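Welcome! Have a look at it first, then read on.

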Amino acid sequence: MYEACGEKEFKVLLGLDAGDSISAVARKIDENRETIRRVVNRLEDAGYVAYENGLQLVDDSIREAGLTFLAIAAGTSPPTISEAYVLPQFAGMDYAFTAIDAVYVWTRGGYQVARTPDDYPLFMAVAESELHAWTTFFAQFGLPATQERLPAEEVDGAIQIVLEPRANFMTDMVDGRPVIPLEETVEFATEHYATFESALDMLDRMYDDVETDANYRMEPA
């Protein structure tokens, strides 16, 4: 009865959407594919998931119970930064990383700016109609979710969520993370040129379809 109650098992049960492949689940919860394959096999043997046109949860109430457990656990062990990036996958609502996090995701973690381990906001685009639901979701884990970045001294802990409500938004997937399109990310970085000059150079080298003005490049002395 207890053989499928570990951390990775919970993450699979919470992150799995009907029809997902093992690779898709692994990317979403930021885990190694082979590890998740073994986890899925254990969950299938225990009767929690089944293969039928992709992975399927046998009983959705398992997901609800798992989320409740994580919320209670967060009271004694708050989410880490890496865990905070995974948590939105469990909300059952659409979102896309935006602003600083869009640059972070599209550079595949290569460009990090304007935050530290002690003051770490995550930036997410969400549907206007689901703004309250997102605020309530993150509150379960003790994470403040507001529409403006709060000063570090006003946040109980290092992590805060900055929500950008939109009437609609486009989403691409990069390494299992939903993010605003590359074109929009480049526009954001260009608008904040002084902060993202190096990021623009990085994006220009990483993606053939990125076009940026050459004058941001460092000229040889």
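**A strand and its neighbours**

Phe 97 stands opposite Met 124, a residue of strand β4. This is a predicted model, in which local features need pLDDT of at least 70 and side-chain atom pairs count only at pLDDT 80 or more, while totals for chains, interfaces and linings use all residues. Residues are numbered from 1 along each chain as its sequence is written, and side-chain values use heavy atoms, with hydrogens and water left out.

**Strand β4 and its partners**

- Helices (H or I, at least four residues) and strands (E, at least two) are DSSP runs, numbered from the N terminus.
- Strand β3 (residues 95-97) pairs with β4 in the antiparallel sense over three bridges; two strands pair if DSSP finds at least two bridges between them.
- Strand β6 (residues 159-166) pairs with β4 too, in the parallel sense and over eight bridges.
- Within β6, Gln 160 is the bridge partner of Pro 121.
- Is β4 (residues 120-127) mostly covered or uncovered? It is mostly covered, as eight of its eight residues are buried (under 20% relative accessible area; exposed is over 50% and partly exposed in between, with a 1.4 Å probe and protein chains only).
- Tyr 120, Leu 122, Met 124 and Val 126 point one way from β4, while Pro 121, Phe 123, Ala 125 and Ala 127 point the other way.

- Most residues other than glycine have a negative phi.
- Ala 99 has a positive phi of about 55°; this residue is found in helix α6 (residues 99-106).
- Ala 99 has a relative accessible area of 13%, so it is buried.
- Ala 114 also has a positive phi, near 65°, and its place is in the loop between α6 and β4.
- Ala 114 counts as partly exposed because its relative accessibility is 43%.

**The chain as a whole**

- The secondary structure of the protein chain comes to nine helices and eight strands.
- Buried residues make up 43% of the 221 residues in the protein chain.
- Along its principal axes, the C-alpha trace spans about 65 × 40 × 35 Å.
- Of the contacts (heavy atoms within 4.5 Å) with a separation of 6 or more, 63% join residues 24 or more positions apart.
- The protein chain carries 16 positive and 40 negative side chains; Lys and Arg count as positive and Asp and Glu as negative, with His and the chain ends not counted.

How values were computed: The place of a charge is taken as NZ of Lys, CZ of Arg, CG of Asp or CD of Glu.
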